[in-house]
Amino acid sequence: MRLHAKWIISCACFLFLTGNVCLADVTAAPIRIGATVSLEGKFQEPSGMIQKAFTFWADEVNQKGGILGRRVKLILYDDKSRPDLARTLYKKLIEQDRVDLVFSPYSTPLTLAASEISEQHEMVMMACAAAARKPWQRDFRYLFGLYAPGNRQFIGLLDIMARENHKTLSVLYDETSSFNLDIVNGIHQWADTFNITIMYEQGFQDGKKTLPHLVAAVKAKNTAGLILSAYPPDCHELLRLLEKEQYRPPVLAMPIAPVHPDFHKKAGDMADLVFSTSQWEPDERIPFPGTQQFVENFTKFAGHLPSFHAVSAYAACRLYEQAIVQTGSLDNKRLRDYIFSLDTVTLLGRFKVDHTGMQIGHNPFIIQWQKGKKQIVWPRKLQTAAPVL
Amino acid sequence: MAAPKTAFYNRILFKLLVPVVIIGIIFSTLIVTFLSSPMKDFLTRQFDANLRLASVTGLRICEDSFDYLLDLRMEQNRQMNQVLKNEALEKIKTASSQFPHIHLLVVESGHYIKAGSLDNTPKEWEGSPLEGQNDVTLRCHINGRAARSHVQFFPYWDWHIIGFVFEDDYKSPVRMAYTATYLGSAGVFLAMLLTLVAVFFLFINKPLHRLISATNDISRGRFSRMDTSVPDEFGQLMKAFNSMVASLENEKAAVNSLIHQLRESEALFRSQFEFGNIGIAITSLEKGWIRANDRLCRMLGYSEEELRQKTWSDMTHPDDLAADMASFTSMVAGDIDSYEMEKRFFHKDTTIVFTHLNVSCFRNPDQSVKFIIASLLDITDRKQAEEEKKILDLQLVQAQKMEAIGTLAGGIAHDFNNMLGVISGRAELGMKKTAPTDPVYKDLEQIHNAARRSADITRQLLAFARKQTISPRVIDLNHTVGNMIRMLDRLIGEDIDLLWQPADDLWAVKIDPSQLDQILVNLCVNARDAIADVGKITIETGMKVFDPAYCAAHAEFVPGEFVLLAVSDDGCGMDRHTLDNLFEPFFTTKETGRGTGLGLATVYGIVKQNNGFINVYSEPEKGSSFRIYLPRHSAGMPDTIQGKPAAPMPRGSGETLLVVEDDNAILDMLETMLKSLNYTILTADFPSRALTLAQSHNSRIHMVITDVVMPEMNGRDLAGKLSALYPEIKILFMSGYTANVIAHQGVLDEGVHFIQKPFSMQDMAAKVHEVLGVRS
């Protein structure tokens, strides 16, 4: 009896001294975190990963007793891959649902839209799925990025091409997203650096309608490489068209879609030797702490390996968690200041933002599907396989 | 016995080394041949890999710089780029030191050499165009020297990082590889060889030598054990060897024991074989003589080698050959296992050797004759003794018979004599009482005469029986006999010459002179009767000394000094039968009415009565000689009769004498006598044998002593033939007849050397000495 009382008092003191929790907070309201996910539309696939990551994190945190003694509650809405809807829903989340924190939606367009709302309400948003530079060209102060910017996505690919003396390139891109525009800008920049000539470049808005023509044009150019910067539906369409045309340039690259673990299942043989850009891969050589544990636990949770979208979302959650814990509050200003000051390592690698909140801590790497397996082919220090052209 | 040294090319090590060397050479050649190319390729690939590694190292340096720039987001910053370029160049130059013989170059824009690890790095790239070259191996020339290079392209700075090696340096490892291959192969091979040799010497040769040494020890009779502590095959071999040694030791002990027994048995057998009293011969049907012991060789006078040149039948007396062959054939045929017989062999000197032969055979399992064992027991002496005994027995029997007859006759005669005395007396009385003209007177006269004649007979019988009343007196035989010559001369008639040969200085004898009359009368009458028409009777006297040796062979003879009275004739002689019964009473060869058959019995009795003995020599158609020996009376003699003192018996010096005598008893007696006088004696019982002996004898024959009257040829003829062979040979004749008789009959030339039988040893010794020319 005496022992039991002592134990309780000790725990209570501990908790009090840490300043994280008071006995009264155990029964406090949960921390409400809102976000939208794209349950349909072109962002559906990658957004699904993000949603699972959010949920995975929330369960993990709650199992550990929450944050600051408060459970986490996710409030997720479907933005249908529409920026306008995302805007509306975030307004709702913040104004009506009065969430404590917001997570970002998937994609630059949706993040651009959602961050407008969060910035208005001076709420920190960890953009876990926006790679364009545009979101951070608006002088927002509460938006932080986790992805390396889009213009750096294909540096490695161009380096590979230059080394292999593949000097010509065709570029197709979904011009509706600044992410893709950033990618194309980056391609331009680095193509110059690597003396690669962009023989053909064309943007499109409706991939389903436009891609057949574009593919024909690309085929006519017969460049050494073809980069399609678009979202997964257009990527799969392109593959289908290429197969139909029985045309395959030596270098074929596209972002987002190939990084999904089920890409090969969906794309079939056309998936082989497709390059892509990735922020993270579930490889044991990724040295960031917690990576293996996350991969195992997430795989158990979701039933499949996580993509870098899931890791990014999880990393964002963990940053939130860290910020809350470190600051001991949910005050977004404090959280913002904390996050700005961070120079840390997440599952994605180094996390450091510049003064705009844009991620400058790490760079993407290039993956390639080889014989049904995703291999890291650039940078050399992270290679799991040499690139095959 | 030490094992002979084995030439190296026959040794196991050599036989191991040669194939190993050959295989090693082949293997090394194959290794060099087949490995050199792959090794060269390997070295080339290795070098290329090093080149690649060097160039990749340079590339990594560049990539690290690039990553750094990307991380800093300063990839567009020229200054930063330049700094990192310079840094990279330095690192690249330094990096080349990790790779021996490999240098690094950094070529910018395919043309300008930004840096290099060479001391004299050229400024510009003069090799093949670098455009589009990445991760490839090229051949190029740098500073005029051929080089092999690997190119890595770093597009960010438009750099080609070239790792290169001059071909001289590049090939040197290849050359070294070749050398290493050769040397390595040789070294490995040599090491293997040395190891093989060492292992062989340590683990095979040494144990083998120990084994050889131990085996040699065994051959020398030393049974040494081996160390079995080694747990390998040699240990097992040593154990087996030790077992074998133990077994050999035991067997040797058993064999030694057996050998010892065999030797003892052999020695025993050999002693029996060689030194036994029996001659043993081992022959075979195929090989003839195999072995003959010394006894047999001496028995037959041949060496073992000479025997092998002879056949059994060569040496067999022809009279015994048939019986021997018959038995031998039966034995070989298997009818009998052995046989024995008395068999005569011819000695090498042609004399006869009597043997008791026992022949047996040893058969093979198939019953064929393997060899034949003949054992011969020399029974010559026994035979001679038997012969002599037989003669003596005969003589004894004869003497006993004569004694018995004499006793009987004497007994009868004595009684009869008495009756005759009565008859004669009464008849004489009746005559005195009767007128001569009375017819009864004539009857009485006839009765008286008959009684007187009967008395003569009985007197003779009594004389024979040695019961005659005698009055012995010491007389001089020469004198007494001389007085009887005239009477005897008239007795024998005109046709027969009577020769009187008295000896000088004759010893005295003691005898009743009337007995001497009887002797002479009877002998002369017999001699007369033996002579058919004309002839000669010789009476002679002499002196004889008989030694024990002579007497041993003659039962009738008694050792001592005797006076000889001999009566010889040249009449018809007597045969053996007559001689054997000569002195039996009433034995006569004359026709009925011409003799009572008591004359010689009377002579015999008188001689015996006077302790003398009588010898008779006679040959049919040759005459006879009666030699009476009366003991010398030594008690006192007339001064005129004194015997000469006996001279010392002369001895020989090993001279070889050939004795020829057809009477084997006399021949043996002479052999014994003369051998005891230190002469070498050859004997022959026939003249032909004497000639054969003389021809085959290898050394000188100094003298021949030969009987005169012999079968085949007389002694004179024999002497002639021998003299032709040996001109220097001396001749001594001997005979039972007197020398006068011999000479008169023309048998011998007068003056040749002659000795009369019987003779004493002294007589013979002196005579031989005289004839050989050595005077005493």
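**Ground rules.** I am reading a predicted model, where local features need pLDDT of at least 70, side-chain atom pairs count only at pLDDT 80 or more, and totals for chains, interfaces and linings use all residues. Residues are numbered from 1 along each chain as its sequence is written, while chains are lettered from A and ligands numbered from 1 in the order in which they are written.

**Entry 1: strand 21 of chain B.** I checked both faces of strand 21. B:Lys730, B:Leu732 and B:Met734 are buried on one side, and B:Ile731, B:Phe733 and B:Ser735 on the other.

**Entry 2: its partner.** Strand 20 (residues 703-707) of chain B runs parallel to strand 21, joined by five bridges. I found B:Met703 opposite B:Lys730.

**Entry 3: a sheet elsewhere in chain B.** I traced an open sheet of five strands, in the order 7-6-10-9-8, with antiparallel pairing (two strands pair if DSSP finds at least two bridges between them). Strand 7 (288-292) and strand 8 (338-346) stand at the edges with a single partner strand each, so one side of each has no neighbour in the sheet.

**Entry 4: one pair in that sheet.** Strand 6 (residues 279-284) of chain B pairs with strand 7 in the antiparallel sense over four bridges. Here B:Ser284 stands opposite B:Gly288.

Methods. A residue is buried if 20 or more other C-beta atoms lie within 10 Å of its own, exposed if 12 or fewer, and partly exposed in between; C-beta atoms are placed from the backbone.
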